[in-house]
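Hi there,

Here is the structure I promised to pass on. Have a look at it first, and my notes follow below.

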Amino acid sequence: MNRKLRMGMVGGGTDAFIGAVHRLAAFMDNQIELVCGCFSINPEVSKSSGKLYFLPEERIYTTYQEMFEKESKLPEGERMDFVTIVTPNFVHFDPAVMALDHGFHVVLDKPMTFTLEEAYKLKEKLDETGLTFALTHTYSGYPAVKHARKMIADGQLGKIRKIFVEYPQGWLSSKLEDTGNAQASWRTDPKRSGKAGCMGDIGTHVHHLAEYMTGLKVTELCAELNVFVPNRLLDDDGAAFLRFDNGAKGVLMATQIAAGEENAIRIRVYGDKGGIDWEQMEPNTLRVKWLGQPMQVLRVGTSLDSAVAAHNTRVPGGHPEGYLEAFANIYRNFALTVRAKANGEEPTPEMLDFPGVDDGIRGMQFIETVVSAGYNDEVKWVKFGETI
């Protein structure tokens, strides 16, 4: 394969926020082009969006079912190679499975599915087809995060003892869903979001970040979930104590009612030799704190010397690499993996470094566990993936 990968899109019309982010990220490294899409449940929005994206009318579809059927019948040199699905949670599973059944690779927004049962079924379908799947847990894409992961895996911090991870937002401090805000409306609706609100939306991000950076797995948790805004149907705040498989302990906090906060993601990991501190709103800086020694400040593009950081860094030091670049790293690594497999080559570890279906299952298990524990004052600890 010596060409760009051809991408189709489900969702992501001009009336949606995240679709533009996906397209910018996908196009950043000149690996991918958009060739078709069903961009909205509203046929008129889908058509108008596709025209604004300069697609031919015959490649702008009104349903994803029509898209997969017609694309699969096109000549191999024309049809899409993969689909990106950027819809609310309840429209993740069906299009993903249908895409796989028609031979298309899949990129999917998180959380992976509406229910844990769907997540297991999606993994079965992937195993059956052997196709490539990526889940857009964006924060794993930052070069500083990848460098921290390498340092921890190499044992530079010693045995990991303590993990603090947090994601405070403030945008849902009022009942925004009653004002016509589309993003707030579906994210706070259990029929479209699932059984978790804040914890499904952003709690899954920091849970994944903690496991990705440390290489550890949560085995059980103790949680409290809250609904602070009156008459809201899903949690808008929560916290959990975590137990990891190496004996480490953790604290996770996610809230969407921290008035004035934007996207203040932060993770701190401490071993018996030192600690690491990273904040998403200052993404190029990694603070390393050593026992009995001065703190080091490592910077993307200058002092991150690992191969994995270099692979995911685009510009010289001092030029911020942020959210879009992190998103783009997932798309690029996914594209390089698909291309390598198509050419009969073995993808490198750097290419394979993007979240996949197992990360998606862990995320759905986190939702099940934190919701089960979060509203129960009688039971303190719940094993990961179980319900009370």
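A residue is called buried here when its relative accessible area is under 20%. Threonine 188, at 8% relative accessibility, therefore counts as buried. Please keep in mind that this is a predicted model.

Threonine 188 sits in the loop that links helix H7 (182-187) to helix H8 (190-193). Its side chain comes to 2.7 Å from the backbone oxygen of alanine 184. If you set aside neighbours within four places in sequence, threonine 188 is in contact with Leu172, Glu177, Arg232, Leu233 and Leu234.

Histidine 207 is the other residue I looked at. It belongs to helix H9, which covers residues 198-214. With a relative accessibility of 3%, histidine 207 falls under the 20% cut-off and so counts as buried. Again leaving out neighbours within four places in sequence, the contacts of histidine 207 are Val218, Leu252, Arg362, Gly363, Phe366 and Phe384.

Next, a helix. How many of the 10 residues of helix H1 (residues 18-27) are buried? The count is 7, so helix H1 is largely enclosed by the rest of the structure. Those buried residues are Ile18, Gly19, Val21, His22, Arg23, Ala25 and Ala26.

Now for the chain as a whole. The protein chain contains 12 helices and 14 strands. Its radius of gyration is 21 Å, close to the 21 Å that the globule rule gives for 388 residues, so the chain is as compact as a globular protein of that length. The C-alpha trace spans about 65 × 50 × 40 Å along its principal axes.

- Buried residues make up 56% of the 388 in the protein chain.
- Of the contacts between residues at least 6 apart in sequence, 67% join residues at least 24 apart.
- The accessible surface comes to about 16300 Å², and carbon and sulfur atoms account for 52% of that surface.

Best wishes

How values were computed: Residues numbered from 1 in each chain as written. Predicted model: local features only at pLDDT ≥ 70, side-chain atom pairs only at ≥ 80, totals over all residues. Heavy atoms only, no water. Helix = DSSP H or I, 4+ residues; strand = E, 2+ residues; numbered from the N terminus. Rg over C-alpha atoms; globule rule 2.2 N^0.38 Å. Buried < 20%, exposed > 50% of the residue type's maximum accessible area, 1.4 Å probe, protein only. Contact = heavy atoms within 4.5 Å. Areas by Shrake-Rupley, 256 points an atom, 1.4 Å probe, with all protein chains shown as cover. Polar contact = N/O pair within 3.5 Å; in protein donor to acceptor, adjacent residues only side chain to side chain.
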